[in-house]
Amino acid sequence: MTDQILCYSCSKSRFKISVKKSTLIKGINLLLCDQCVSSGYEPRWVIILAGRQYGSELVKEYVLNHKYYGEEISATELLV
C-alpha cells in the first residue's frame with residue numbers, strides 16, 4: 001500500500017506534497033501539491049480567515065482571480 005497525502009488546497013491525493021508557507025497568514029505551513037504551488041493557490045479556508053483577520057483588500061486578488069479551489073467566496077464569508 002502506498003501512502004498519499006491530500007493537498008490542503010485542491011484536496012487531491014498526491015504522492016508528492018511540498019510544505020509551503022502561506023503568503024496570506026504568517027506562520028501557517030501548508031501541504032500543497034506542485035500544481036497548486038505553481039498556480040499560486042491558497043486553500044479557500046486560508047483566504048477566508050485572512051480576509052476576516054486582515055481585511056478584504058489583502059485577499060482581493062485571490063478572490064477576483066479565483067486562486068483557490070471550491071465555491072466562489074462571497075462577501076458575507078469575509079465578514080466576522
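Reader: What does V19 touch, not counting residues up to four places away in sequence?
Author: V19 touches N29, L30 and L31. Contact here means heavy atoms within 4.5 Å. One caution: this is a predicted model, where local features need pLDDT of at least 70, side-chain atom pairs count only at pLDDT 80 or more, and totals for chains, interfaces and linings use all residues. Residues are numbered from 1 along each chain as its sequence is written, and side-chain values use heavy atoms, with hydrogens and water left out.
Reader: Is V19 buried or exposed?
Author: V19 counts as exposed, because its relative accessibility is 58%. The cut-offs are under 20% relative accessible area for buried, over 50% for exposed, and partly exposed in between, with a 1.4 Å probe and protein chains only.
Reader: Which strand holds V19?
Author: V19 sits in β3, residues 18-21. Strands (E, at least two residues) and helices (H or I, at least four) are DSSP runs, numbered from the N terminus.
Reader: New topic. In what order do the elements run?
Author: From the N terminus on, they go β-β-β-β-α-α-α-α.
Reader: And how do α2 and α3 pack?
Author: Their angle is about 155°, and their axes are 7 Å apart. α2 and α3 are therefore roughly antiparallel. That term needs an angle over 145 degrees. Axes are lines fitted to C-alpha atoms, for helices over the stretch in contact, and angles run from 0 to 180 degrees between N-to-C directions.
Reader: Which residues meet there?
Author: I47, A50, G51 and Y54 in α2 meet S56, L58, V59, Y62 and V63 in α3.

Technical notes
Parallel < 35°, antiparallel > 145°, perpendicular 65-115°, else oblique.
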